[in-house]
Structures are given as structure tokens and as C-alpha cells.
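Reader: I am new to reading protein structures. Please take one part of this one, look at it closely, and then show me how the rest is arranged around it.

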Amino acid sequence: MIMNFKLFKLYVRIYYNFLLGKINNSIPKLNINSLGIELEKSLLIIFPLDEESFRVAAYSFRKLVDYDNSHKYTLLIDERFKNLFYFNSTQITYCKFDNKKESISYSSHIDNDLFDLIINLNVNEYFEIYKLIGNIDCKYKVGIKSLLSSKFYNIEYELDINGATESAYQNIKLLLGYK
């Protein structure tokens with residue numbers, strides 16, 4: 001199996017940080033019933049960092065305010081997309097993603113907040129997103145299935161055969177209890 005160099009570099013960085021203890025990957029295993037997840041604390045939804053994927057996610061999750069517990073949602077959105085779509089949510093944290101350095105910065109202390117659930121809507125793999133997810137202690141971590149996803153998520157959804165995200169997003173909405 002031939003792996004491209006960028007992906008290999010990502011693997012090395014992640015496993016190196018696992019060994020140093022800079023990323024926590026202890027994820028509890030769980031069973032979920034058909035009613036969705038009841039939130040005691042809050043939920044973090046990490047929106048995609050590339051524009052095309054962000055537009056798809058923004059459209060798919062445009063009715064977040066219709067969900068039960070929507071007042072407990074925190075959305076992490078790249079500030080470049082601030083004007084692309086309006087989310088009527090109680091808390092939006094804007095981040096700044098530097099694609100060349102592959103670094104992310106945000107003013108909020110979301111890595112110190114208490115969450116019951118983290119949902120990563122990114123299809124592409126980003127070291128800084130994995131680092132953020134790995135360092136937040138919460139019961140449920142949800143993401144799109146990839147080679148590294150089992151290290152970070154206890155719930156993984158697969159893309160369609162053609163690589164489309166709509167079915168994974170639909171399953172995530174069902175997990176949230178969307179009717």
C-alpha cells in the first residue's frame with residue numbers, strides 16, 4: 001500500500017504526540033438507543049475547514065435550531081465563512097485556520113469547556129482538529145470514518161460510495177434527534 005507523503009507526515013505527528021501524551025485518545029465505548037442522545041452539558045460541532053465541504057455541511061445542518069437541546073450547541077466555524085451562512089445559535093466560536101502551517105487558533109477556551117458530545121464534520125484530516133478532539137474529555141465523539149478516525153471517535157459514519165457526505169450527515173442528524 002503506497003501512502004502519500006502528506007498523509008504519512010500526519011500519521012507520524014499524531015502517533016508522536018500520542019507517545020508524548022499531548023493527545024489523549026481514551027474514548028469510552030458505548031451503545032446508543034434509537035431516541036438519540038440526551039445532553040446534560042453541551043455539544044460541540046466542528047464545521048469543515050474547506051469552503052466546498054463547509055457549504056454542504058451548512059446546508060445539511062441549516063435547521064439546527066429546530067433540534068431539541070439546540071440552545072446547548074457550540075459551533076466551531078472558520079471565520080472565512082462567517083458571511084456564507086447564518087446560523088441562529090446561542091454560541092458560535094470562530095476560528096482562524098492557516099492551511100500552509102496547518103494550524104488553528106480561536107479566542108474561546110472550548111478545549112476547557114465541558115461537552116457531552118463532539119461532532120467533527122470534516123471529511124479531510126487535520127492534525128489540529130484531531131489534537132483538539134483528543135484533548136477534550138467527553139462521553140461521545142463523532143466523526144467521518146477514515147484511517148485514523150477510530151483513534152478519536154467512538155461513533156464513526158462512512159461516506160457514500162461516491163464520496164458524498166450527505167448520508168453521513170443525515171445519520172448525524174438522526175443521532176441528534178432530528179425529526
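**The core and the sheet**

Author: Start with one residue in this predicted model. Leaving out residues up to four places away in sequence, Ile45 touches Leu64, Tyr73, Thr74, Leu75, Leu76, Ile119 and Leu121. Ile45 belongs to the largest nonpolar core, which has 27 residues. Ile45, Phe47, Ile119 and Leu121 are the residues with the most contacts inside that core. At least two of its residues come from each of β1 (43-46), α2, β2, β5 (117-120), β6 (140-144), β7 (155-157) and α4. The largest share, four residues, is supplied by α4. There is also a second, separate core of 26 residues, and Leu49, Leu76, Tyr126 and Leu132 are included in it.

Next comes the sheet. It is open and built from seven strands, in the order β4-β3-β2-β1-β5-β6-β7, with mixed pairing. From one strand to the next, the twist averages 20°. In general, the strands of a sheet pair through backbone hydrogen bonds, and the pairing can be parallel or antiparallel. Here β2 and β3 (residues 91-98) run parallel and are joined by five bridges. One of the residues to look at is Thr74, whose bridge partner in β3 is Gln91. Thr74 is also among the residues that Ile45 touches.

Helix α3 (residues 127-135) packs on this sheet and touches β1, β2, β4, β5 and β6. The direction of α3 makes about 55° with that of β4.

Now take α2, which covers residues 51-60. Its buried residues are Ser53, Phe54, Ala57, Ala58 and Ser60. Viewed down the helix axis, these fall within an arc of 160°, so they line one face of α2. The face turned away from that buried side carries the exposed residues Glu52 and Tyr59. On the buried side, the residues of α2 pack against β2 (73-78) and α4 (166-175).

Helix α4 can be read in the same way. Its buried residues are Ala168, Tyr169, Ile172, Lys173 and Leu175. The arc they cover around the axis is only 155°, which puts them on the same side of α4. Their cover includes α2, β5, β6 and β7. After α4 comes Gly177, with a positive phi near 90°.

Loops can hold buried residues too, and Ser149 is one to find. It sits in the loop between β6 and β7. Ser149 has a relative accessible area of 0%, so it counts as buried, the cut-off being under 20%. Apart from neighbours within four places in sequence, Ser149 is in contact with Tyr130, Ile144 and Glu156.

Last, the chain as a whole. It has four helices and seven strands, and along the sequence they follow the pattern α-β-α-β-β-β-β-α-β-β-α. Of the 179 residues in the chain, 45% are buried. Among contacts between residues at least 6 apart in sequence, 58% join residues at least 24 apart. The chain exposes about 10,200 Å², and carbon and sulfur atoms supply 49% of that area.

Terms used:
Residues numbered from 1 in each chain as written. Predicted model: local features only at pLDDT ≥ 70, side-chain atom pairs only at ≥ 80, totals over all residues. Heavy atoms only, no water. Buried < 20%, exposed > 50% of the residue type's maximum accessible area, 1.4 Å probe, protein only. Arc of directions from axis to C-beta. Contact = heavy atoms within 4.5 Å. Core = buried A, V, L, I, M, F, W, Y, C linked by side-chain atoms within 4.5 Å. Pairing = 2+ DSSP bridges. Axes fitted to C-alpha atoms, helices over the stretch in contact; angles between N-to-C directions. Areas by Shrake-Rupley, 256 points an atom, 1.4 Å probe, with all protein chains shown as cover.
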